[in-house]
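Work through the exercises below with the sequence and the model side by side. Try each task before you read its solution.

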Amino acid sequence: MDVLDALVAGGWLMIPLLGCSLVATVIVIERLWTLRAQRIAPLGLGQEVCTLIAKGQVNLHWLESHSPLGSILAAGLRNARLGHEQVRARLQEAATAVIHDMERFLSPLGTIAAITPLIGLLGTVVGMIEVFSVIVSTDGVERTADLAGGISRALITTAAGLTVAIPALMFHRYFQRRVEDITVRMEEQAGLLVEFLAHHQGELTLAERHENERNDSEGHRESRMRRL
């Protein structure tokens, strides 16, 4: 029995199972691409920001566009003059938003892992009901081949449901663990920034303009000086 025959034999309940399979596949591919630790929380970014602070060369626009971790650190730096408690609060708020984004689509993936075995079991129950309806018919005893075939077809939905649910559950747990690992990495680097600011004695210089805007401004200034 090939895949097409199995889909036909499983009945109409194979349609939601097939839909769940496609949705789960899309979510897994998207999350594998999105939940890359180096993209979200690059190693060494916290130390690099501390070095730039010491040199007075921190550009907040560059930091925000660098990575999600960079946007968290930038949110804390914007409130650095208000005290360390405000810095911690802003870091926590920004980190909550990033974690929420990392957990996107994990709930639907977990739901698919939970409901697909139930859909498969429902298909089996419906199939068995049809089988027993044949048994109670007048010629049911003579149709043993049809009964055996009906039972095998009824079990197809259960097998299909488990085939979808097992990988979905595995990837759901895997993505949850990856989110936890990335969160710990972000907490470590944010803590490094807070500790550095607590011991930083010099003046905190933050650039608010985008690098391109600064270059354009310098270009206009030089052009004006030439005209003068």
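**Exercise 1. Decide whether R78 is buried or exposed, or something in between, then find its salt-bridge partner.**

Step 1. R78 has 36% relative accessibility, so it counts as partly exposed. Buried means under 20% relative accessible area, exposed means over 50%, and partly exposed lies in between (1.4 Å probe, protein chains only).

Step 2. The partner is E64. The closest N and O atoms of E64 and R78 are 2.9 Å apart. A salt bridge here is a side-chain nitrogen of Lys or Arg within 4 Å of a carboxyl oxygen of Asp or Glu.

Step 3. E64 sits in helix α5, while R78 sits in the loop between α6 and α7. The two are 14 residues apart, and the pair links distant parts of the chain.

Before going on, note the ground rules. This is a predicted model, in which local features need pLDDT of at least 70, side-chain atom pairs count only at pLDDT 80 or more, and totals for chains, interfaces and linings use all residues. Residues are numbered from 1 along each chain as its sequence is written, and side-chain values use heavy atoms, with hydrogens and water left out.

**Exercise 2. Give the order of helices and strands along the sequence.**

Step 1. Count the elements. There are ten helices and two strands. Helices (H or I, at least four residues) and strands (E, at least two) are DSSP runs, numbered from the N terminus.

Step 2. Read along the sequence. The pattern is α-α-α-α-β-α-α-α-α-α-β-α.

**Exercise 3. Find which residues touch the most other members of the largest nonpolar core.**

Step 1. Define the set. A nonpolar core is a set of buried Ala, Val, Leu, Ile, Met, Phe, Trp, Tyr and Cys residues joined through side-chain atoms within 4.5 Å.

Step 2. Name the residues. V49, L73, L77, M186 and L193 touch the most other members of this 42-residue core.

Step 3. List the suppliers. At least two residues each come from α2, α4 (45–55), α5 (60–66), α6 (68–77), α7, α8 and α9 (144–199). Helix α9 gives the most, with ten residues.

Step 4. Look for another core. A second, separate one has six residues, including M14, L17, I119 and I156.

**Exercise 4. Locate F105 and say what sets its phi apart.**

Step 1. F105 lies in the loop between α7 (84–102) and α8 (106–135).

Step 2. Its phi is near 70°, a positive value in a residue other than glycine. Most residues other than glycine have a negative phi.

Step 3. F105 has 36% relative accessibility, so it counts as partly exposed.

**Exercise 5. Say which helix has the lowest mean pLDDT and which the highest.**

Step 1. Recall that pLDDT is the predictor's confidence in each residue, from 0 to 100. The protein's mean is 81, and 76% of its residues reach 70 or more.

Step 2. Among the elements, helix α10 (residues 211–227) has the lowest mean, 46. Helix α2 (residues 14–34) has the highest, 94.

Step 3. Check the stretch at residues 220–228. There pLDDT stays under 50.

Definitions and conventions
Contact = heavy atoms within 4.5 Å.
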